[in-house]
Amino acid sequence: MIRDITIGQYYPAESRIHRLDPRVKIVCTLIFLVSLFIQNSLLGYVIATLFLGTVIRLSKVPLKFILKGLKPIVILLLFTVVMNLFLTRDGETLIHFWIFTVTTGGLRTSVLMAVRLMYLVAGSSIMTFTTSPNGLTDGMEKLLHPLNKINVPVHEVAMMMSIALRFIPILLEETDKIMKAQIARGADFESGNIIQRAKSMIPILVPLFVSAFRRANDLAMAMEARCYHGGEGRTKMKPLRYKGYDVAAYILTLAYLAAIFVIGRYVPFKLWIF
């Protein structure tokens, strides 16, 4: 399960998506996520699927690598589906057993929430797979630069987010090493009920926190040794500049958003399962 977590990882490849400006990928990702919640039509989700599939194809990131990142959210996905399936009482009753009732509205809502959650994770993963941590930092700092006028520490916030993304794969690798070391000493993380499994994770959490604090201290000392004092007066070795294909990506994404909005609001082709 630890190896299945791909959040924060960068997948190096030569693709059109990789060459895009980080600001473009951040803004376009936000637009795609917004598009998932402004419509409920079947045709709208078909267009969203085609858009996401085209981006995945252009990014040259293997589909199995993206699907691998969905495994850690299976429990959350099932919980969301079950809660919406049994707690939504709109529409006609399909199944009624004891205190459980499944309606057409509940089935429709559960399917929509499952699709939204999967597309949300997949769309966000494409951004991190195709953008290096340094690129994400520069892109976020550039987009949030106007907030400096109201004394918001934009550079520091972007730096913290970048460091957090860098630490995710490092901590996952450290967790995997600790688990293997504990298993070699006879630890059992699979058997028992939920409470017993939670208790068995304590021998992992303690050395993991110690390792995380040690790495954070080493990073702070390294930054101080290099005379790091924040973003004021700093220059970029590779400043961000928009190019022709960046503008084209903006236009195509905005056209996609407009199509989704029009279809979701004005086309009477709703996703009715029954």
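Colleague: How are H2 and H6 oriented to each other, roughly parallel or roughly antiparallel?
Modeller: In this predicted model, the axes of H2 (residues 22-35) and H6 cross at roughly 175°. Angles over 145 degrees count as roughly antiparallel, so that is what H2 and H6 are.

Colleague: And within what distance do the axes come?
Modeller: Within 10 Å.

Colleague: Which residues make that contact?
Modeller: On the H2 side, Lys 25, Ile 26, Thr 29, Phe 32 and Leu 33. H6 brings Tyr 119, Leu 120, Gly 123, Ser 124, Met 127 and Thr 130. By type, that contact of H2 with H6 has 6 nonpolar, 4 polar and 1 charged.

Colleague: OK, what about H3 and H6, at what angle do they pack?
Modeller: About 25°, with the axes of H3 (residues 42-59) and H6 (residues 104-130) 11 Å apart. Under 35 degrees counts as roughly parallel, so H3 and H6 get that label.

Colleague: Left-handed or right-handed crossing?
Modeller: Left-handed for H3 and H6. The residues in their contact split into 10 nonpolar, 4 polar and 1 charged.

Colleague: Who meets whom there?
Modeller: From H3, the list includes Tyr 45, Leu 52 and Ile 56. Among their partners in H6 are Leu 112, Arg 116 and Ile 126.

Colleague: Switching to H10, how far does it reach?
Modeller: H10 (residues 202-225) reaches 35 Å from first C-alpha to last over 24 residues, close to the 34 Å expected.

Colleague: Which residues in H10 are buried?
Modeller: Ile 204, Leu 208, Ser 211 and Ala 212. Helix H8 (154-184) is included in what covers them.

Colleague: What comes just after H10?
Modeller: Cys 227, with a positive phi of about 60°.

Note on methods:
Residues are numbered from 1 along each chain as its sequence is written. This is a predicted model: local features need pLDDT of at least 70, side-chain atom pairs count only at pLDDT 80 or more; totals for chains, interfaces and linings use all residues. Side-chain values use heavy atoms; hydrogens and water are left out. Axes are lines fitted to C-alpha atoms, for helices over the stretch in contact, and angles run from 0 to 180 degrees between N-to-C directions. Helices (H or I, at least four residues) and strands (E, at least two) are DSSP runs, numbered from the N terminus. Angles under 35 degrees count as roughly parallel, over 145 as roughly antiparallel, 65 to 115 as roughly perpendicular and the rest as oblique. A crossing is left-handed if the near helix is turned anticlockwise from the far one by less than a right angle, and right-handed if clockwise. Contact means heavy atoms within 4.5 Å. Ala, Val, Leu, Ile, Met, Phe, Trp, Tyr, Cys and Pro count as nonpolar, Asp, Glu, Lys and Arg as charged, and the others, Gly among them, as polar. The expected span of a helix is 1.5 Å times one less than its number of residues. Buried means under 20% relative accessible area, exposed over 50%, partly exposed in between (1.4 Å probe, protein chains only).
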